[in-house]
Amino acid sequence: MSAPPVVDGRAGGAAAPARSTTPTAVERLKRRIPLLPALVLTIVLTQVPLLGTVYYSFHSRNLLRGDAIEFVWFANYADILGDEHFRTAVLNTVVLTASTVTLSIALGVALAVLLDKAFLGRSVVRTLLITPFLVMPAVAALLWKHAMFDPVYGLLNWFLSLVGVGPIDWISELPMFSIVLMMTWQWTPFMMLIVLAGLQSQSPEVLEAAKVDGARAFATFRRITLPHLRRFIELGILLGSIFIVQTFDAIFLITQGGPGQATMNLPYFIYQRTFRAFEVGESAAAGVIVVAGTIVIAIFALRVILNLFREEG
Amino acid sequence: MLETAPTPPASGEASHSERAAAARRRTRRPRSLGVAALAWTVGLVFFFPVLWMFLTGFKHESEASTTPPTWLFVPTFDQFRAILGRDFLPYFLNSLTASVLSTVLVVVLAVPAAYALSLAPVRRWKDALFFFISTRMMPPVAIILPLYIIANNIGLLDNVTMLSVVYTVMNLPIAVWMIRSFLVELPAEVLEASRVDGASIGTEIRRIILPMIAPGVAATALICFIFAWNEFFFAVSLTSTKAATVPVFLTGFITAEGLFLAQLSAASMMAALPVILAGWVAQKWLVRGLSLGAVK
């Protein structure tokens with residue numbers, strides 16, 4: 001981005017002047033060597049396949065029929081955009097992502113505020129709270145499916161029966177809600193950790209000053225803490241969105257997109273089109289559309305990260 | 001292990017915050033009991049499904065599926081034996097190989113890359129940094145088909161090495177960002193001294209830098225291990241029998257076949273425990289890894 005290499009971070013200081021003298025071509029090449037293996041491998045395994053997907057999206061091909069590859073312009077895009085199931089998958093992905101992110105950030109902020117206070121066994125409670133995020137997602141999905149949601153033996157129905165509600169056949173009657181519930185359980189710790197880091201990076205002097213000035217706890221939280229937390233909440237929401245849009249394990253293992261199309265999201269839709277129906281052209285077009293959508297969220301995410309990054313630098 | 005959470009950092013600001021926290025503690029004692037009760041309740045609610053998995057894994061099948069749920073029982077190892085009898089071990093070893101191999105590769109590639117993006121920055125190092133994370137944000141489903149076809153053509157489908165390389169690329173952005181965040185915290189004087197000595201880049205990284213950021217590298221490695229071990233999508237798409245990992249083994253439990261909850265729980269425990277433990281150990285650094293080094 002900048003012509004003379006800018007040294008950021010605390011490492012700058014004394015070293016910066018020596019480095020900002022224009023390096024020779026050989027010197028520049030030598031500097032690049034440590035970066036190259038990682039960069040080349042990443043390009044080969046991400047950008048080359050992505051170009052492949054773009055290529056397929058403009059060509060007609062079904063692996064089962066073994067047709068000759070034929071350039072078809074935007075026909076695959078037209079097909080996929082006209083496909084009712086694709087539109088359902090887009091809508092489901094939006095609903096799933098928005099609900100999970102909203103619920104988990106709200107819970108995450110609340111829990112972070114709670115954990116920022118001193119109490120007996122705080123580190124144990126923190127350890128308990130982060131565990132859902134560590135549990136292998138495939139395990140979490142199967143555990144919730146069979147031990148929590150089961151209409152007969154499930155613990156959710158047992159808890160509800162204690163207060164006289166139910167029984168509910170969670171996965172058949174409330175499929176999307178069930179998935180969101182399980183995902184919120186999984187992602188709340190992630191949000192909590194990021195917000196908690198934000199809370200603990202607050203300047204204690206400012207909080208003490210507010211207290212001395214007689215500000216009430218709630219006012220302090222709203223006027224000082226919340227604005228400080230904004231960027232951390234944004235980061236949590238954006239990173240969370242990027243990962244939750246990609247949700248595959250839970251759908252594959254709990255509902256397989258069903259009942260009907262009720263929980264069919266984009267990753268599972270594309271997976272099915274690719275590996276079950278072998279509709280290469282259409283699923284590639286769907287993949288390109290998903291990447292385009294992700295880029296929109298990613299631009300915002302990168303901006304937030306860049307801001308945090310500037311502050312650090 | 002459980003006590004690792006609030007580590008007092010060594011800087012001046014932190015000791016301030018410690019003092020302030022102590023002051024708060026003194027003034028708010030009566031409230032802290034309510035806070036503790038609430039926090040413990042929520043913590044246990046969140047932990048409950050994991051606890052239940054742990055308990056159910058030690059039950060007989062007849063005790064696992066009951067209404068009301070069975071709380072007291074005589075523990076048995078039958079389910080673990082049954083899972084091992086279902087050829088669980090090869091899957092476990094594949095998971096171990098893919099996770100460890102990819103983690104080693106990630107560290108070997110990420111340390112020099114992070115060095116070239118911080119201490120001896122190449123031109124347009126910011127672009128390179130943002131290129132790395134942008135790849136982590138790309139949905140895997142968008143590249144799976146070409147990856148599958150390439151792997152198939154070069155005979156690397158259903159191959160642990162191939163899976164490890166995919167995991168390496170998946171984790172590189174996180175590792176580069178994280179290790180870089182540790183490198184920029186190094187004191188400049190030490191590096192200057194090593195340059196004056198005329199050490200080559202390789203020697204400088206190995207002899208001077210690596211020992212200083214060793215804890216950071218260990219934390220990065222643990223987080224990469226966690227992501228690789230838990231990965232499902234690439235495993236289920238790129239492997240079938242020879243290289244299948246633990247999450248793929250678990251797909252055998254999608255539909256209920258009679259009484260099987262205890263066995264599922266035992267398998268789940270064996271699948272999830274390594275990462276739960278790794279995560280508990282690494283929890284201090286977890287947030288740094290999850291936020292790509294942006295949040296300390």
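In this predicted model, helices α5(B) and α10(B) are roughly perpendicular to each other, a label given to angles of 65 to 115 degrees. Residues are numbered from 1 along each chain as its sequence is written, and chains are lettered from A in the order in which they are written. Local features need pLDDT of at least 70, side-chain atom pairs count only at pLDDT 80 or more, and side-chain values use heavy atoms, with hydrogens and water left out.

Two packed helices are described by the angle between their axes and the distance between the axes. For α5 (residues 88-116) and α10 (residues 201-212) of chain B, the angle is about 100 degrees and the axes are 11 Å apart. Here the axes are lines fitted to C-alpha atoms over the stretch in contact, and angles run from 0 to 180 degrees between N-to-C directions; helices are DSSP runs (H or I, at least four residues) numbered from the N terminus. On the α5(B) side, Val111(B), Pro112(B) and Tyr115(B) meet Ile201(B), Glu204(B), Ile205(B), Ile209(B) and Leu210(B) of α10(B), contact meaning heavy atoms within 4.5 Å. Seven of these residues are nonpolar, none is polar and one is charged.

Trp144(A), Ala147(A) and Met148(A) of α7(A) make the contact with Leu155(A), Leu156(A) and Asn157(A) of α8(A). By class, this contact has five nonpolar residues, one polar and no charged.

On the surface, Leu36(A), Val40(A), Ile43(A), Val44(A), Val48(A), Ile150(B) and Ile154(B) form a nonpolar patch with about 550 Å² of accessible area together. Such a patch joins nonpolar side chains within 5 Å, from residues with over 30% relative accessible area and no salt bridge; areas come from the Shrake-Rupley method with a 1.4 Å probe. Helix α3 (residues 36-57) of chain A gives the largest share, five residues.

Over all chains there are six salt bridges, each a side-chain nitrogen of Lys or Arg within 4 Å of a carboxyl oxygen of Asp or Glu. In one of them, the closest N and O atoms of Arg273(A) and Asp83(A) are 3.0 Å apart. Arg273(A) lies in helix α14 (residues 266-275) and Asp83(A) in the loop between α4 and α5 of chain A, so the pair ties together parts 190 residues apart in sequence.

The loop between α13 (249-255) and α14 of chain A holds Pro259(A), and the peptide bond from Gly258(A) to Pro259(A) is cis, with omega near -5 degrees. Gln256(A) also lies in the loop between α13 and α14 and has a positive phi of about 50 degrees, although it is not a glycine.

Conventions
Helix = DSSP H or I, 4+ residues; strand = E, 2+ residues; numbered from the N terminus. Parallel < 35°, antiparallel > 145°, perpendicular 65-115°, else oblique. Nonpolar A, V, L, I, M, F, W, Y, C, P; charged D, E, K, R; others polar. Patch = residues over 30% accessible without salt bridge, like charges linked within 9 Å, V, L, I, M, F, W, Y side chains within 5 Å.
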